[in-house]
Amino acid sequence: MRQDRLLELIWQGDVKLGQGPGARRLQRAMAALLPLRMVCLGATSGVDRSFLMTDDTELLPELPIGDVLVEELSIDVPAGSLVVVREADLLSRPMLDDEISYDVGVLVAEALLGVIRSRAFPVARETDALYAMARSYHAMIGGSGFMHLGLVPAQFRVGLAAGLCTYWAGTRSARSDTSGLFLRPDFLTCPRLLNYLRDLDSNFTAPDRIPVGLMLFSGGPCGYGDWLAQVARRVSAELDGHLARSCDGGSQKELRI
């Protein structure tokens with residue numbers, strides 16, 4: 001959705017604070033995966049999927065979504081929040097496990113793409129960083145704690161793949177992708193995808209042995225800027241370790257030769 005279109009919907013009265021069992025469950029699931037404050041909005045028209053933005057995203061020049069929500073809808077938006085928009089009727093009713101799992105996977109992918117677009121990493125490391133973050137979420141979703149929340153690993157991973165597909169394959173949506181690279185449950189370790197990413201970015205090193213908890217952060221909700229800084233430090237350290245392991249492995253091979 002174009003940002004000016006969202007502003008139009010707000011002015012038309014078609015966007016309200018998300019309420020109901022679906023909204024509460026979506027917020028709980030997102031809070032378990034992203035340690036960020038979140039505002040959930042329900043749109044009565046113009047939305048065909050979940051999407052998110054930061055509170056400082058400008059709907060028009062010098063008009064951030066956070067200010068718009070405060071002024072137009074009297075919604076308190078703490079600084080550094082994520083704003084999630086979803087169809088209002090889906091938020092007002094209980095959501096099926098498969099449905100919410102897919103949505104959360106898509107939203108997590110969007111959050112990871114937001115990290116990349118924020119320039120938290122050097123351009124030469126962006127593909128490695130996105131891949132490492134995605135691998136962490138792909139693995140951690142199988143943990144019992146997330147399953148107790150009703151998150152279905154397979155459906156979350158489908159949503160994660162759909163979100164990443166739009167960026168890596170350059171498509172408007174996962175439905176228009178014809179590469180077939182994002183259909184497998186193990187798509188992140190599929191040799192075809194790894195080769196594709198190497199062709200896409202010559203700096204890609206296919207980081208392996210990514211810790212399951214790489215993207216798990218302790219403590220309560222924090223602002224987006226603080227989270228971004230933590231992610232950059234932690235992921236950069238992991239990529240440094242991967243590079244060191246690769247160099248050590250190469251040296252050992254040379255010695256054996």
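User: Contact here means heavy atoms within 4.5 Å of each other. With that understood, which elements are among those that cover the buried residues of α8?

Analyst: The model is a predicted one. In it, the buried residues of α8 are P153, F156, G159, L160, A161, A162, G163, L164, C165 and W168. The elements that cover these residues include α2 (21–33), α5, α6, α7 (144–148) and α9 (191–200).

User: How far does α8 reach from its first C-alpha to its last?

Analyst: Helix α8 has 16 residues, and at 1.5 Å a residue the expected span is 22 Å. Just after the helix, G170 takes a positive phi of about 70°. The reach of α8 itself is close to expectation, at 22 Å.

User: At what angle do α5 and α8 pack?

Analyst: On the α5 side, the contact includes D98, S101, Y102 and V104, and on the α8 side it includes Q155, F156, V158 and G159. The two helices cross in a right-handed manner. Their axes lie 7 Å apart, and the angle is about 35°.

User: How many nonpolar residues does the contact of α5 with α8 have?

Analyst: Among the contributors from α5 are V106, V108, A109, L113 and I116, while α8 supplies L160, A162 and L164, among others. By class, the contact has six polar residues and two charged ones, and the nonpolar residues number 13.

User: Which strands are the edge strands of the open sheet?

Analyst: Four strands form this sheet in the order β1-β2-β6-β3, with mixed pairing. Neighbouring strands are turned against each other by 30° on average, direction ignored. An edge strand pairs on one side only, and this holds for β1 (15–17) and β3 (51–54).

User: In which sense, parallel or antiparallel, do β3 and β6 pair?

Analyst: Strands of a sheet pair through backbone hydrogen bonds in one of two senses. Between β3 and β6 (residues 82–87) there are four bridges. M53 has V83 as its bridge partner, and L52 stands opposite V84. Whereas β2 (residues 38–43) and β6 pair in the parallel sense over six bridges, the pairing of β3 with β6 is antiparallel.

User: Which residue of β6 is the bridge partner of G42?

Analyst: Five of the six residues of β6 are buried, so this strand is largely enclosed by the rest of the structure. The bridge partner of G42 in β6 is R86.

User: Which strands of the sheet does α5 touch?

Analyst: In β3, F51 and M53 on one side and L52 and T54 on the other are all buried, and both faces are covered. Helix α5 packs on the sheet, and its direction makes about 35° with that of β3. The strands touched by α5 are β3 and β6.

User: Is H138 buried or exposed?

Analyst: H138 lies in helix α6. Beyond its neighbours within four places in sequence, H138 is in contact with R157, L160, P185, D186, F187 and L188. Its relative accessible area is 14%, and the cut-off is under 20%, so H138 is buried.

User: What distance separates the C-alpha atoms of R125 and T205?

Analyst: R125 is in the loop between α5 (97–117) and α6 (126–140). Leaving aside neighbours within four places in sequence, R125 is in contact with S236, L239 and D240. R125 and T205 are 80 residues apart along the chain, yet their C-alpha atoms are separated by 9.1 Å.

How values were computed. Residues are numbered from 1 along each chain as its sequence is written. This is a predicted model: local features need pLDDT of at least 70, side-chain atom pairs count only at pLDDT 80 or more; totals for chains, interfaces and linings use all residues. Side-chain values use heavy atoms; hydrogens and water are left out. Axes are lines fitted to C-alpha atoms, for helices over the stretch in contact, and angles run from 0 to 180 degrees between N-to-C directions. A crossing is left-handed if the near helix is turned anticlockwise from the far one by less than a right angle, and right-handed if clockwise. Ala, Val, Leu, Ile, Met, Phe, Trp, Tyr, Cys and Pro count as nonpolar, Asp, Glu, Lys and Arg as charged, and the others, Gly among them, as polar. Two strands pair if DSSP finds at least two bridges between them. The expected span of a helix is 1.5 Å times one less than its number of residues. Buried means under 20% relative accessible area, exposed over 50%, partly exposed in between (1.4 Å probe, protein chains only).
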